[in-house]
Amino acid sequence: MTWTPARRSVAASLLFLAAAVLAGVTPLEHGVEYHVFGIVEGLFALLLGYLLVLRGAWAAPAGVTGWAAVVYGTVATAQVLEFLFPPPGLVQWVVVAGMAITAWSVFSGGTPRRLVASLASLAVILALVRYSVIPVLWTRIGPAQGTAFGLGDVAESARRIFADWQPVGPAGELIGFVAVCLWALATRLVWAPAPGPAGSASPDA
Amino acid sequence: MDGSASPGSTQPAAAPTAPGPTADRRDPWVLGGLALLGVMTVFAILLYRASPQSAREVGSAALVAVAPDAFTPRISRARERISAAQRARAAGDTAGALARYAEAEEEALTARQHTADTTQARTATELWASTVLDRAELMLGAGARPWYQADNNQVLAEALASVKRVQGVPLAPPTRARAQALAARIERQMRAGPLEWIPR
């Protein structure tokens, strides 16, 4: 089977859809939570989608299949950001505001490869904050809720101001990792052909 | 994403390997993929909307989706929701258990509307009544406070109203006795302060 651009776009759309579905699923001890992105993640995904198309990491949409890939890609990006962004609170406000202010200078320059590398670094930092820094600090800042004659409840309120965090088990992190892998694979499929003699679709171009 | 849109693929050398939009529209792989994409998108929306908590729940929901008006799938779904409520209750998740019981009530009521004979009607009614009573019992536990603290009367009143609703339909004697005992417990709990200790 030959991988025509239209076939690549449809395959990428399916992968983006799988990434979007998986990124929002969080298994808990008793049941499953389903997260849908909010306005912050949605707007940021639009910005990233625009930059990915502008820099040629995603091929410019043309036709139904091309637009489908971009739309599903933007939704998948928003869902992955929902998985990666810190929970609501002071930490999220600082991180997102910092990213929004520096987004243009960080992501708009250079080649598509550089843009994707920047996004990968950003994903690592976001994962570090959400799945390493916040959980470690959470257990060490003040007494636990319901202990220390009411002091624990005060400490809990203070912690919630910084990050309204809920623990996520290893299964939840693994599902999120699979979602990010699917997103990367889909991006590889819709990698824009470099302007060259044979229209090569290689990311190394 | 079509090759014709990119600068590289518009060159004559790339034309044989990059079919135009018309050829893409006739490509069975593309058509099949788009159809699969549509189906999977609908499935994803339904999945997120239903928010199933276990694989068993996915099965019962699918059964109801296949035969929405049938009695048996609705009863199965109601029983599955009751199991989910009991699991949430055992885990200390009172709000979750109340929500699951409410879903079970709704399913049992729907089953009751699609009964074919009196046996089915009785089964659905009993299931609905016992679910309502379970929920009312849970609400009683959630709304009751020690005598020196004020009860959450809104929750208790809601629980009492649910029990009265159950008492308004024909039930088997054990269920009727359970409803009566629960109503008495709630009414006693709603009395002010230590008066809740004094029997009527």
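A: One term before we start: two residues are in contact if their C-beta atoms, placed from the backbone, lie within 7 Å. This is a predicted model: local features need pLDDT of at least 70 and side-chain atom pairs count only at pLDDT 80 or more, while totals for chains, interfaces and linings use all residues. Residues are numbered from 1 along each chain as its sequence is written, and chains are lettered from A and ligands numbered from 1 in the order in which they are written.

Q: What does B:Leu138 touch, leaving out residues up to four places away in sequence?
A: B:Leu138 touches B:Arg89, B:Thr94, B:Ala97, B:Leu98 and B:Tyr101. B:Leu138 itself lies in helix α6 of chain B. Helices are DSSP runs of H or I with at least four residues, strands are runs of E with at least two, and both are numbered from the N terminus.

Q: How far is B:Leu138 from B:Tyr101?
A: In sequence, 37 residues. In space, 9.8 Å from C-alpha to C-alpha.

Q: Is B:Leu138 buried or exposed?
A: Buried, because B:Leu138 has 20 C-beta neighbours inside 10 Å. The cut-offs: 20 or more other C-beta atoms within 10 Å of a residue's own is buried, 12 or fewer is exposed, and in between is partly exposed, with C-beta atoms placed from the backbone.

Q: Which residues of α5(B) are buried?
A: B:Ala97, B:Arg100, B:Tyr101, B:Ala104, B:Glu105, B:Glu107, B:Ala108, B:Thr110, B:Ala111 and B:Arg112. They pack against α4 (71-90) and α6 (118-143) of chain B.

Q: What span does α5(B) have, end to end?
A: Helix α5 of chain B runs over residues 94-113, and its end C-alpha atoms are 29 Å apart. The 20 residues should span 28 Å at 1.5 Å a residue, which agrees. The expected span is 1.5 Å times one less than the number of residues.

Q: And what about α2(B), how many residues?
A: Helix α2 of chain B (residues 28-50) has 23 residues. From first C-alpha to last, α2(B) reaches 33 Å, close to the 33 Å expected. B:Val30, B:Gly33, B:Leu34 and B:Leu37 are its buried residues.

Q: What follows α2(B)?
A: B:Ser51, with a positive phi near 45°.

Q: Switching to the whole chain. How many helices and strands in chain B?
A: Eight helices and zero strands. Of its 200 residues, 34% are buried. Among contacts between residues at least 6 apart in sequence, 51% join residues at least 24 apart.

Q: And how many in chain A?
A: Seven helices and two strands. From the N terminus, the order is α-β-β-α-α-α-α-α-α. Of the 205 residues of chain A, 36% count as buried. For contacts with a separation of 6 or more, residues 24 or more positions apart account for 75%.

Q: Where is A:Ala6?
A: In helix α1 of chain A. A:Ala6 counts as buried, with 31 C-beta neighbours inside 10 Å. The C-alpha atoms of A:Ala6 and A:Thr65 are separated by 5.9 Å, though 59 residues apart along the chain.

Q: How do the axes of α1(A) and α7(A) cross?
A: The axes of α1(A) (residues 5-23) and α7(A) (residues 170-189) come within 8 Å and cross at roughly 165°. Axes are lines fitted to C-alpha atoms, for helices over the stretch in contact, with angles from 0 to 180 degrees between N-to-C directions. So α1(A) and α7(A) are roughly antiparallel. Under 35 degrees is roughly parallel, over 145 roughly antiparallel, 65 to 115 roughly perpendicular, and the rest oblique.

Q: Which residues make that contact between α1(A) and α7(A)?
A: On α1(A), they include A:Leu15, A:Phe16 and A:Leu22. On α7(A), A:Leu182, A:Trp183 and A:Leu189 are among them. The contact has 16 nonpolar residues, one polar and one charged. Ala, Val, Leu, Ile, Met, Phe, Trp, Tyr, Cys and Pro count as nonpolar, Asp, Glu, Lys and Arg as charged, and the others, Gly among them, as polar.

Q: Back to chain B. At what angle do α6(B) and α7(B) cross?
A: Roughly 160°, with the axes within 9 Å. Therefore α6(B) and α7(B) are roughly antiparallel. The contact includes B:Leu133 and B:Met139 of α6(B), and B:Leu156 and B:Val163 of α7(B). By class, the contact has twelve nonpolar, two polar and three charged residues.

Q: And what angle for α7(B) with α8(B)?
A: Roughly 155°, with the axes within 10 Å. That makes α7(B) roughly antiparallel to α8(B). This contact has nine nonpolar, two polar and two charged residues.
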